[in-house]
Amino acid sequence: MSLNNEAIYFVRVQLLIDNHKIIKLIMEVTGKHIMLEHHNILVPLDGSENSHRALHAAQLLAKETPGSRLHLVYVATEYQLKNQDEINRITEIIGQRAKETMEMGVEHVRFEILEGDAREVIAFTYPEEHDCDLIVIAATGRGKLNRMLMGSVANYVLHYAKQDTILIR
């Protein structure tokens, strides 16, 4: 099995099993000791249940690597940023997620609300500016029409980000 296939297999295994068993199962399947040494983990949030699951997976990974930093990012639209009620709602959601993360024992948590094209911000801008080495992203938070017109953010990140990426469904 080549390294590329192992990475793809890792993502498929992640989607099918309990997050606590991921590393042990990979080690058993590949016969190799795999150590995840990601210290700056980016988790894009959009308020969906899928993004909450992605955050949970990232929290577990961060707890396994002492000194890890979780970066919780919400990429807002121009409309959302002009609406104070919407900004308050987003801030409350992300703030609550950051608090939960710290209560789980992850010491270094940063959260931000950014404006821009979510695909570009998540795949390039934020990871490069903050030296992120892993992106844990949910499959989708958009509706079918939006996904057809603009494309899936997760799909874009999987294909173009330079960082290791884990997709959660």
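Modeller: Strand β4 (residues 134-138) and strand β5 run parallel and are joined by five bridges, where two strands count as paired if DSSP finds at least two bridges between them. Strands here are DSSP runs of E with at least two residues, helices are runs of H or I with at least four, and both are numbered from the N terminus. Within this pairing, I137 stands opposite L167 of β5. Strand β5 (residues 164-168) is largely enclosed by the rest of the structure, because four of its five residues are buried; buried means under 20% relative accessible area, exposed means over 50%, and partly exposed lies in between, using a 1.4 Å probe and protein chains only.

Before we turn to side chains, please keep in mind that this is a predicted model, in which local features need pLDDT of at least 70 and side-chain atom pairs count only at pLDDT 80 or more, while totals for chains, interfaces and linings use all residues. Residues are numbered from 1 along each chain as its sequence is written, and side-chain values use heavy atoms, with hydrogens and water left out.

Rings of Phe, Tyr and Trp (its six-membered ring) pair if their centres lie within 6.5 Å, and the planes count as stacked under 30 degrees apart, edge-to-face over 60 and tilted for the rest. By this rule there are two aromatic pairs. One of them joins F124 and Y156 edge-to-face, with 6.2 Å from centre to centre and 90° between the planes. This pair links distant parts of the chain, since F124 lies in helix α6 (residues 118-129) and Y156 in helix α8 (residues 153-160), 32 residues apart. Y156 is buried, at a relative accessible area of 18%, and it also forms a tilted pair with Y160, at 4.7 Å centre to centre and 40° between the planes. Because Y156 and Y160 are four residues apart in helix α8, about one helical turn separates them. F124 counts as partly exposed at 21% relative accessibility, as does Y160 at 47%.
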